[in-house]
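Subject: The structure you asked about

Hi there,

Here is the structure, ready for you to open alongside the sequence. My notes follow below it.

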Amino acid sequence: MKIGDVAKATGLSIKSIRYYHDIGLVQAERGDNGYREYNSSQLEALQFVQHCRELGFSIEECKDLLQLKHDPQRCASDVKRLASEHLKVLEQRMASLADLHAELSELVNQCHGGDSPDCPIIEGLSGKSCCHH
């Protein structure tokens with residue numbers, strides 16, 4: 001399967017597929033014409049990586065998960081540990097986003113809009129607001 005077809009099948013960009021090839025994450029075979037050719041197992045690996053990336057795993061974590069996926073001797077506890085660590089990071093990000101949401105919501109609520117140049121949002125973003133954390 002050619003790289004353009006792989007991109008369509010996986011939802012990955014051609015640039016990402018080439019990058020994953022270049023870093024050794026999922027490598028294609030080179031045909032006689034020099035083009036990358038992907039087989040079904042490489043396509044499946046790219047789909048797996050794409051799903052991992054959608055869940056926010058780093059490239060290094062994707063590499064570890066892919067290795068675990070292909071290891072028939074893997075321990076589910078290793079997979080769970082990696083996923084649990086990532087889940088903690090996501091939870092920290094969510095808490096941080098909730099704080100940002102609360103701060104921005106307060107600024108938006110303080111601003112009445114209109115034609116006046118006075119704007120609590122601009123003041124808040126400048127660090128001049130009472131609700132700045």
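In this structure, the C-alpha centres of domain 1 and domain 2 lie 35 Å apart. Please keep in mind that this is a predicted model. The domain assignment places domain 1 at residues 1–56 and domain 2 at residues 75–133 of the protein chain.

**The overall picture**

What does the protein chain contain in the way of helices and strands? There are six helices and two strands, and from the N terminus on they follow the order α-α-β-β-α-α-α-α. The radius of gyration is 23 Å, well over the 14 Å that the globule rule gives for 133 residues, so the protein chain is more spread out than a compact globule. Along the principal axes, the C-alpha atoms fill a box of roughly 70 × 40 × 20 Å.

Of the 133 residues in the protein chain, 26% are buried. If you look at contacts with a separation of 6 or more, 42% of them come from residues 24 or more positions apart. The accessible surface comes to about 9,300 Å², and carbon and sulfur atoms account for 53% of that. As for charge, the protein chain carries 15 positive and 20 negative side chains, with the centres of the two sets 8 Å apart.

Let's begin with Thr-10, which sits in helix α1 (residues 3–10). Is Thr-10 buried or exposed? Its relative accessible area is 10%, under the 20% cut-off, so Thr-10 counts as buried. Setting aside neighbours within four places in sequence, Thr-10 is in contact with Ile-17, Leu-43, Leu-46, Gln-47 and Gln-50.

Next comes Val-49, in helix α3 (residues 40–54). Val-49 is buried too, because its relative accessibility is 0%. Which residues does Val-49 touch, leaving aside neighbours within four places in sequence? Its contacts are Tyr-20, Leu-25, Val-26, Cys-62 and Leu-66.

Arg-30 belongs to strand β1 (residues 29–30). With a relative accessible area of 48%, Arg-30 is partly exposed, since that class runs between the 20% and 50% cut-offs. Beyond neighbours within four places in sequence, Arg-30 is in contact with His-21, Tyr-35 and Arg-36.

Finally, have a look at Asn-109 in helix α5 (residues 76–110). Asn-109 has a relative accessible area of 59%, so this residue is exposed. How far is Asn-109 from Pro-120, C-alpha to C-alpha? The two atoms are separated by 9.0 Å, and the residues are eleven apart along the chain.

**To recap**

Then zoom out to see domain 1 and domain 2, whose C-alpha centres are 35 Å apart.

Happy browsing, and do write back with any questions!

Best wishes

Notes. Residues numbered from 1 in each chain as written. Predicted model: local features only at pLDDT ≥ 70, side-chain atom pairs only at ≥ 80, totals over all residues. Heavy atoms only, no water. Domains from an automatic or database assignment. Helix = DSSP H or I, 4+ residues; strand = E, 2+ residues; numbered from the N terminus. Rg over C-alpha atoms; globule rule 2.2 N^0.38 Å. Buried < 20%, exposed > 50% of the residue type's maximum accessible area, 1.4 Å probe, protein only. Contact = heavy atoms within 4.5 Å. Areas by Shrake-Rupley, 256 points an atom, 1.4 Å probe, with all protein chains shown as cover. Lys, Arg positive; Asp, Glu negative; His and termini not counted. Charge placed at Lys NZ, Arg CZ, Asp CG, Glu CD.
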